[in-house]
Each structure stands twice: as C-alpha cells, then as structure tokens.
Amino acid sequence: MTTRSDEATTRGDEEMSTDDAKVRRVELAISLVLRVGVTVSVAVIAAGLALMFVHHPEYGHLSGPFSYHRLTSNSAQFPHTFTQLGAYLEAGKGRGVVVVGILLLILTPVLRVAVSVVSYLYERDRAMTLVTLFVLAALVGSFFLGGVLS
Amino acid sequence: MVLRRATRDQGGSPTGAGPGGSSGGSRSGEEHHLSTQTVVGGLSGARGTNKYESTYNRGVTPLGFVLTLVVISALAGVLGSLVGLGGGIVVVPVLTLLYHVDIRLAIGASIVSVIATSSGAAAAYVRDRMANLRTGMFLEIGTTVGAISGAFLTTVLPVRALFVVFSAVLGYSAFATFRKRHAAAALTTSDDRIANALGLHGSYYDQAEGREIPYKVVGTRPGLALMYVAGLVSALLGIGSGALKVPAMDLTMHLPMKVSSATSNFMIGVTAAASAGVYFARGQIDPIIAAPVAIGVLGGSLVGSRLLGRVENATIRWIFVAVLAVICIEMLQRGVTG
C-alpha cells in the first residue's frame, strides 16, 4: 500500500516544479504524522482494553449475568483528571491505559497542525506558516479555555 | 419512558448479578414491575418489560458489548469517511437508542469517533491528494475561532432553539446539494484574491473517471464565514461540524464533491480536538465505550478512504444528501423534545 503510492510519488516528483515538490513534501509529512498518531493510539487503546478483560474475567463471557450496563451507566468509574489517571496507571488498570490511548488520539490533530507549522516554515512559505500558526494558537487556547490545562 | 427507567434501576443494582443474590434481586425487580404495570395499565405492558429485560439487560455482557460496538463503529467509520462527517451521526443514535447509554457519554464517544475517522481517513486523503491541504488549513482559521466563540456563548444562547435553527440550515443544505447534482464540472478560472495568493487551487486523480482533474477555488471569504459558523455550532451543540463544512466547500467554494468530503474529513479532527479536552475533563469519555468506538471507526475509515476515489462524485452527493436529511430530522427532534 505504502510502497506503491511512494513509487507513484517519486515518479510524479520528477515532472513537478520545485514548488509542487515542496507542497508534496508537506503533504507526505502530514500524512505520516496522522498515520503514526492513529497507529500508536489504537495500539495503546487495544492494549488497555485487553488489560481490562484480563483483570476482570467476569467481563469476558459471551453470555452471563454480568451486564455491560454497569460499566456504561452514569455511575461508572473511570479517570477524567490527570491526577486520577496517574492513580489508575500506577495501579496498572486497563481503563487508565485506554484513556492514555484516547488522549493520544485527541492530540494527533494538534500534532498535525504543529508539524504543518514547522513544514511550512522549513519550506519558507510565509503565508501558510502564519495561517497554521494561528490555528495552532487557537487550538492550544481552546484547551486553556476549556479548563483542561489550567 | 417508564419502562426504560424501570429496567435501568434493576440493571444498576448489584444484587441481580451474583448467583446467590439473583433471586432477591429479581424479586425486587418484579415488584418494581408490578408498580410499573399499574402505571402503564395493562398486562401486555408488563410482559413486554420482562422480555425486554432478559434479552437486552441480562444477555449482553461487556465482551458482547465491545464486539458488537466495534462492528457497528466500523460501518460508521466507512460512512463517515466517505461523506466527510465523521462517525458521530451513527454512533450517537446507536449508543442511545440501541444500548441505552446516557446522551452525555454518547456525545463523548462521538467526539472520539470524529477524531478517529478524521485522522484515519485524512492520512490516506492527504497522501493521495484527495484532500486540499492548503484550503483545509486556511478554513481551519474559521472553525477554531468559531469553536472558541462557542465556548463563551454556551451559557448565553438557547440550545433547543439552536437545534431547530441548525435543523433548518441542514434541510436547506441538503436541498441545495441535491439541486446542484447536474452541475458537476470543476472550475477552470478563479479571480478570488485570497485563493490566488495562498495557492489554494489544486487537482486530484479521479479513479472513477480515470483522469487527473484540476480545479480552482472561489468564494474564500463566504467560505471562511461559514466555517466560523460550523465551528460555533459544533462547540455549542456538541455535534460534528462536517454537515456544514461539506456544503460550504461544495456550494460556496466550488470544490469537487469528493474533494469537499476529503477536505472536510481532514478538518473535522481539529475542530473536534478543540472541544475533546473539555469532554474529557467533564468525565464524558468512558473508556469502555470510547475504546471499541475508536478501534472500529479507525478500521472503517481506512476502508472508506480507499473507496472514495473509486466512487463517482454523484454517488457521494446522493449519500451525503440522504445522511444530511436524517441528521436534519434528528436535530429537529432534539430541538422540539429537548
């Protein structure tokens, strides 16, 4: 999958002007960030989910008296602050690992914007550097506004 | 409504689970149903409750929940990545109506599904040049600023009225997108100053037509304004903003339908990430719901992103109009019933 399109890219690059080649490099860098981001986060989420089932054998039956509803009701217990998350991870709980994976997934688009700022800066594309820098600032600002980081 | 509450009461009580405590638990449950029966008024009502409970509440274990949710989420991922809306449109109704999960937790899982669809599909769309990267990044100015304004306005604006307004907007978008179905040719010239300065024009290889299709971008200013509204709405109502992004790019900026969908896919992740932190802090992201949703949707989005190139623009338009009509009704219902 990757090799075939990479070959196509190299062939295409020869015909491209230098401007097009620059655009292409940024595209490939961003595609790579997204791919690595989702691969790592889904691996961590899957590992955490597996750990949950290992720690709680009663979850793992295909039929039985234990209903999923107890885990999805409003009184279900799971970490939603960084302090709680730390405690869950220290105890080696699968829920904590899943949450880490989900946070990595949430951070992937942010990282994607950060990488595009650096790429455009590197390609000396001033207008797009400013555009992406503004988006990054707004994105980080929204985390502060939401009270996540403050 | 009464039936559902009775079921949840019993499902939540720990006595119903163990082999020893099961008799006591079910007896108290039966008593509860007797009272429910008198309220509902009819023997059939009570029988329905018991049947419902045994198949739904007792039968599904956490493993069964996770496995079925992965499969449904995969389908949501295919659909979401094809039309550029993310998986939320399928995930929220499935979680609330089929699994009876609280709407708060369903919305938390939906925001995770939007980010997963977006990142999973955009990796392929950007690589295959299906998404217009520069246009997407330019428009993200509008969506992020809109999302921040929305965070300030949540307490001021009436949410239910907004649902009704949004539903009307979506209804109109569906109609306009449907009406444009015959004018499919891409633009060859553009006098849009911003688009020319930033080099937003592009081209993509259309597998269905078997040729490279160059296109020009117009209407950057109204497009940016609509993106602001899209960001605002998604922050206020907690719904994916792709439903507004795709028509804005398709109708106002004249991007080809597939490019609009792919670029929307690329953008929705950033919009969703801007509010995802808040949902995490509020405790709306339950790992046992979000994990299967994220895994399934990611798998589905990989399939969807391979399909988009091969499907005709007109087909994508039809699917999009149909999905938009469904969301329009869903929003109207949420606005009217609260």
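What share of the 338 residues in chain B is buried? Buried residues, meaning those under 20% relative accessible area with a 1.4 Å probe and protein chains only, make up 57% of chain B. Before you click on, note that this is a predicted model, where local features need pLDDT of at least 70, side-chain atom pairs count only at pLDDT 80 or more, and totals for chains, interfaces and linings use all residues. Residues are numbered from 1 along each chain as written, chains are lettered from A and ligands numbered from 1 in the order written, and side-chain values use heavy atoms, leaving out hydrogens and water.

Color chain B by secondary structure: you get 14 helices and 2 strands, taken as DSSP runs (H or I, at least four residues; E, at least two) numbered from the N terminus.

Next, select residues 133–153 and 220–237 of chain B, helices α7 and α10. Their axes, lines fitted to C-alpha atoms over the stretch in contact, with angles from 0 to 180 degrees between N-to-C directions, come within 6 Å and cross at roughly 35°.

Last stop: B:Ser234, in helix α10 of chain B. B:Ser234 is buried, at 6% relative accessible area. Its side chain reaches the backbone oxygen of B:Gly231 at 3.2 Å, so draw that distance as a polar contact (N or O atoms within 3.5 Å, one able to donate a hydrogen and the other to accept it; residues adjacent in sequence count only if both atoms are side-chain atoms).

Technical notes: Buried < 20%, exposed > 50% of the residue type's maximum accessible area, 1.4 Å probe, protein only.
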